[in-house]
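Reader: I'd like to know what stands behind the labels in this one. Can you take me through it?

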Amino acid sequence: MFIGSSNKYIYSRNNMAGHSKWANIQHRKGAQDKKRGKLFSKLIREITVASKMGGPDLTSNPRLRLAVDKAKSQSMPKDNITRAIKRGSGELDGADYQEIRYEGYGPGGAAVIVDCLTDNKNRTVSDVRHAFTKFSGNLGADGSVAYMFDLIGQLYFTGIQDEDSIMEAAIDGGADDIKSITNDSFEVITSPNNFENLIEYMCSKGFKPSESEITMRCTTEANLNQKEAETMIKLVDALEELDDVQTIHTNAEISDEIIENL
């Protein structure tokens with residue numbers, strides 16, 4: 001959505017790397033998908049693949065548990081979730097989805113990672129390449145930009161009245177970092193290995209995250225001018241419209257001034 005996912009101004013459909021208007025706009029966009037049916041389709045694919053890879057038991061399959069939690073947070077009917085789990089485990093017939101990652105560069109040389117779940121690789125690579133080409137980008141080889149990102153666990157908390165208490169809980173729970181987004185909202189970063197444990201610990205201290213995910217955070221940023229920013233937004237929108245695309249990460253940074261002009 002989400003360019004970064006929170007802090008600085010970087011966008012990532014599922015990653016908020018900065019605390020600026022650009023990040024906040026993308027964060028809201030991710031939380032309020034323009035087409036609920038398309039959002040459900042993406043969530044169902046993730047549940048299906050998670051069930052296939054780790055089994056249908058939520059207690060022993062962290063990826064499936066996270067996918068189901070996301071689906072519930074978007075008010076997906078229980079029957080839809082159950083069918084997706086059964087398709088993944090082989091109890092019901094369904095498409096055989098494959099995980100594919102594409103890496104490339106967008107306007108201004110910004111790095112872009114596109115994670116997909118597809119049952120037709122040829123269709124997907126054609127659609128993704130077309131979007132890149134149309135909006136001043138190009139696909140790269142595997143690993144061409146992934147080194148610019150770290151895999152992290154990310155938690156968001158809103159409506160927080162006691163800053164000291166949430167910071168203390170996050171530190172005690174093994175968080176790597178905690179940042180204030182607004183006066184009453186916080187972003188907490190942790191390692192993927194500590195992700196589930198930290199969520200449980202924070203909940204035990206009375207802090208339930210409004211959102212949580214394992215995502216990619218960039219280590220370097222690409223500053224875009226207004227023209228590049230406009231094209232980058234079009235590229236991200238075009239990729240998000242593709243049924244096979246699950247998440248998009250980029251290190252594009254857009255200043256608040258440019259955001260105002262846009």
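Reader: What makes β3 and strand β10 count as a pair, and in which sense do they run?

Author: Two strands pair if DSSP finds at least two bridges between them. β3 and β10 (residues 245-253) have five bridges, in the antiparallel sense, so they count as a pair. One of the contacts puts C116 with V245 of β10 as its bridge partner. Keep in mind that this is a predicted model, where local features need pLDDT of at least 70, side-chain atom pairs count only at pLDDT 80 or more, and totals for chains, interfaces and linings use all residues. Residues are numbered from 1 along each chain as its sequence is written, and side-chain values use heavy atoms, with hydrogens and water left out.

Reader: How do you know that strand β2 pairs with β3?

Author: β2 (residues 98-105) and β3 share eight bridges, again antiparallel. G104 sits opposite V112 of β3. Five residues lie between the strands of this hairpin, and there G108 has a positive phi near 70 degrees.

Reader: Why is β3 called largely enclosed?

Author: Buried means under 20% relative accessible area (exposed is over 50%, partly exposed in between; 1.4 Å probe, protein chains only). Eight of the eight residues of β3 (residues 111-118) are buried, so the rest of the structure largely encloses the strand. A111, I113, D115 and L117 cover one side, with V112, V114, C116 and T118 on the other, and all are buried.

Reader: And how many of the protein's residues are buried?

Author: Buried residues come to 50% of the 262 in the protein.

Conventions:
Helix = DSSP H or I, 4+ residues; strand = E, 2+ residues; numbered from the N terminus.
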